[in-house]
Amino acid sequence: MYGFEALSFNIHGGYLEAIVRGHRSGLLTTADYNNLCQCETLDDIKMHLSATEYGPYLQNEPSPLHTTTIVEKCTLKLVDDYKHMLCQATEPLSTFLEYITYGHMIDNVVLIVTGTLHERDVQELLEKCHPLGMFDSIATLAVAQNMRELYRLVLVDTPLAPYFSECITSEDLDDMNIEIMRNTLYKAYLEDFYRFCQKLGGATAEIMSDLLAFEADRRAVNITINSYPYGHEELAVCEDIDQVRAVMEKYPPYQSIFAKLSYGESQMLDKAFYEEEVKRHCLAFEQQFHYAVFFAYMRLREQEIRNLMWISECVAQNQKSRVHDSVVFIF
Amino acid sequence: MFPGKMEQFIDNLPPMDLMRSEKMTFVQLIIPAESAHRAISYLGELGLLQFRDLNADKSPFQRTFVNQVKRCAEMSRKLRFFKDQVNKAGLMSSSRTLLQPDIDLEDLEVHLAEHEHELIEMNSNSDKLRQSYNELLEFKIVLQKASGFLISSHGRAVSGEIELQDNGYSNDDYGDTASLLEQEMRPQPSNTSGLRFISGIICKSKALRFERMLFRATRGNMFFNQAPAGEQIMDPVSTEMIEKTVFVVFFSGEQARTKILKICEAFGANCYPVPEDISKHGQITREVTSRLTDLEATLDAGIRHRNKALTSIADHLAKWMDLVRREKAVYDTLNMLNFDVTKKCLVAEGWCPMIAKAQMQEVLHRATFDSNSQVGIIFHQMDAVEAPPTYFKTNTFTNPYQEIVDAYGVARYQEANPAVYTTVIFPFLFAMMFGDWGHGICLLLGALVLIARENKLSTQKLGSFMEMLFGGRYVILLMSLFSIYCGLIYNEFFSVPFHIFGPSAFRCRDTSCRDAYTTGLVKYRDPYPFGVDPSWRGSRSELAFLNSMKMKMSILFGVAHMNLGIILSYFNARFFGSSLDIRYQFVPQMIFLNSLFGYLSLLIIVKWCSGSQADLYHVMIYMFLSPTDELGENQLFWGQRPLQIVLLLLALIAVPWMLFPKPFILKKLHTERFQGRSYGILNSSELDLEVEPDSAREHHHEEFNFSEVFVHQMIHSIEFILGSVSNTASYLRLWALSLAHSELSTVFYEKVLLLAWGYDNLVIRLVGLTVFAFATAFILLMMESLSAFLHALRLHWVEFQNKFYHGDGYKFKPFSFASLTEDDD
């Protein structure tokens, strides 16, 4: 169908694409970030944000603010946007939108299982979960003792069930196994999402495959650096970051990322990856009539919330010199 | 000299507010810091000064009065909280305005903080009470329902062990019930025969998934019993009533128990112990019931107390909100001001209408006096680089018409305002398309209802549609009045003609009237005195006659309307002193339009007056194709042929006249000025820069691009020439829509009402009447009036305003307390 999606895209997707592009223009700009970085207190941040789309979400917060409140309210805005879009969406866009949340679901599952392993209160853990990754029986995760139970009791009802097939072992849940489970699930999820996008075809497939491939690579590199024995073949044999660099520099897109880093440095790698990711997501908006804009918008907004969290933390802890360390400008 | 007299006459006309926007002046205020707040709030009450933001480069939190703004925002947050609480409690925030002593901001801040603290405490107390009440209520329900299962389960279970759990009561702050439960827990003998149970209560919506989860977790080794609770329980967070289900799970084994308890926790199911012993059961039930009554009394007392506190808040709420809103607006405005060098004075700049200067000075004087300031406020005029804002003083009647014009574009400063003419022409053009005095009366009634209830409606919050209708009530009034007038002219009342102004001028040829519809009628007396003769209705030539009349009428009005537009462009050019525009734009445009379509209008009038049978299409077409030919039977008056040739030549001359001279003259003027000034700059460039840096900068930027000006002029001329044809044709929509309207109403009248009336059956007649009424109301009154409105709008915006209106100004937005709305919080 490539080239013809413009003919019929607007029948179902036109309204939502307009909505998502409208949301995108509500993202904070560099000028906003510059102003935010000059803030002295969290109240200043609130004041500045009150002129943005976050305004209505923050205006009823009593004055001694906390970073968590800001992040929570900003996330609430994202969730409201998402829910609105999901309500309006028809197939296959609604499935596409649901796919976007599966990543958060995996993170939430891991968060709760790890938390209960360390005997945290379930309610407390639930509050920390990302609201986009919530599902009905998420609290019951605490009951499970091993992988098999985890699957049989809880996950079988969730969309994550098919991704779990590789993880069903009777092994006990410990930190190591959980981390492996997270990455296995993520791998299966990304592959499934990729297949789904390919099935949709057209510009969606083209752009999404690029975005998802980048995501997968980023994760692979991170896993390698954090010394888990998984990853792409060549990466798998690497032992330190410089070897990773050697492998990665063979691929032009990553060469530029690693070129920015001095040898032996891995702290800034995250930021470099995020910057590249943001760039790619922004590019997704350059084409019309495809679904990748929804994915890109959600990711950009999440990045923006991460930025806000970092800025708020820096302001709250009087570390303003470090503000620019981790903020990724979107525009 | 005649033209001189004319100019004098025009200059001496009394000024009219709406003709041109108010003269504005750019003013600077230097306000001593101590009287700044008072001065700004007095100016806000006056509402005639538009402040310019002098700190546009600063972000909001870097400005001087940011702390005060924050405090106001915090206070308005508290006030919103109160309002929310008052609404939740179902109290009306009273509209009666109590005369209270004025309260200042600091006191209010303390006040609000106290009230908020008090309210939050009361809320948390009542929440705690509500929670314990809910728990007791749930316990009671569980006791009632679960005992039923237990008794029936006795048959199967040899002996049941009572599993008592205080899981639901992990919150120790609630000692009462906990102790009750503990006392229940202790004496229970541990029975090891295996079968135990847990009883509790869960949301109805979650029950099914809960059961499934239990089944999976215990691998089917459990027995689940449930019953609806029967009573709804309030959810403390959302204060909604929720339906719940009582359940009892039977199971065996310690591991299963842990799992089940965890699942209960995860699903938010509250577990309550139920004693199996009947006597114990009765005792606990009694105890719980008595506690419930106690708690209920306490809760009621708490709510009464809270409501009292809220009522006292509600009495002041409106006033407080108003005060905080004003204070916030004042500080926001203060933030736009600059400190002068000494840091003792604030400098404000802004636009105000020329006529308001005296008022402003008076207000500023009062502010100085009231704040006991030693130094007065300095108020003086300044030159401004940017164009002044556009400000029209409108009233309730003229405002909607001004809005109609502003919706297209706000007038350039001091440009001729089309709203003056729109006030009459707009409703009249509407009425030409909506000519039916029956429908007009319906519209009139609607408009009168809106106007009669004006005082009541203006204070209410209306829906968006009602608000639009209400805002345009005077437009609707005029539209309906003109519709009645046009309806009388067209002689249509729900498409039925009436003999209001005497008998018809026509009658049948003989008494039997057989050939009335075949050969026609004969005229036997003077024409019908007003409007269309009712005998035309239903005649063979009805449509031909009405169409010809309405079409000609449309052209007459259209040409007149467009001429008015061009004449207004003359007044604009005169006002702005641009003789170039008069000579090379206004004059050729007038000549071009009138030599073609003005001549057509003349022909129409001559034809009407003389009763000639000339074919006007033919005349107009052959005026272009072969102007020198004899007109023959189409000749309307003596000397028509030479006149036509002259007019055609004039029109042809007008085209290059419009196109070429203006850009060339502009170019010449520019080169002359440039040469003249280059000497000036050489001689006194330093002096020039020192004296007027702003204006000097301006001159240097002014570049003359001939090709751009020429292309612009070309576009303008072509647009006018083609436009005068297409715009005239565009006015034919007046005819088309009025035809559509009358045909539609005829169809509804004849094919629905008369058809149904033909049956001698009450039901059919009623159905016919209903259909007719609905069709009239929704299709003719609503949809048709909407479409006529839109077409009238188009005729104004496009055909009329493109002749003279620039519409690239910006509105005067004074700082005014009156314009603060509730949304500004």
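The legends below describe close-up views of charged side chains in a predicted model.

**View 1. A negative surface patch with residues from chains A and B.** The patch is made up of Glu72(A), Asp121(A), Glu124(A), Glu127(A) and Glu265(B). Of these, Glu72(A) belongs to helix α6 of chain A, which covers residues 67-88. Glu72(A) is classed as exposed because its relative accessibility is 53%, above the 50% cut-off.

**View 2. The salt bridge between Glu53(A) and Lys77(A).** The closest N and O atoms of the pair are 2.9 Å apart. Glu53(A) sits in the loop between α4 (42-49) and α5 (55-58) of chain A and Lys77(A) in helix α6, so the contact ties together parts that are 24 residues apart in sequence. Glu53(A) is partly exposed, at 28% relative accessible area, whereas Lys77(A) is buried, at 4%.

**View 3. The salt bridge between Arg794(B) and Glu799(B).** The two side chains meet at an N to O distance of 2.7 Å. Arg794(B) is partly exposed, with a relative accessible area of 33%, while Glu799(B) is buried, with a value of 0%.

**View 4. A salt-bridge network in chain A.** Glu215(A), Arg218(A), Arg219(A), Glu277(A), Arg299(A) and Glu302(A) are joined into one network by salt bridges that share partners. Over all chains, the count comes to 42 salt bridges.

How values were computed:
Residues numbered from 1 in each chain as written. Chains lettered and ligands numbered in written order. Predicted model: local features only at pLDDT ≥ 70, side-chain atom pairs only at ≥ 80, totals over all residues. Heavy atoms only, no water. Patch = residues over 30% accessible without salt bridge, like charges linked within 9 Å, V, L, I, M, F, W, Y side chains within 5 Å. Areas by Shrake-Rupley, 256 points an atom, 1.4 Å probe, with all protein chains shown as cover. Salt bridge = Lys/Arg side-chain N within 4 Å of Asp/Glu carboxyl O. Lys, Arg positive; Asp, Glu negative; His and termini not counted. Charge placed at Lys NZ, Arg CZ, Asp CG, Glu CD. Helix = DSSP H or I, 4+ residues; strand = E, 2+ residues; numbered from the N terminus. Buried < 20%, exposed > 50% of the residue type's maximum accessible area, 1.4 Å probe, protein only.
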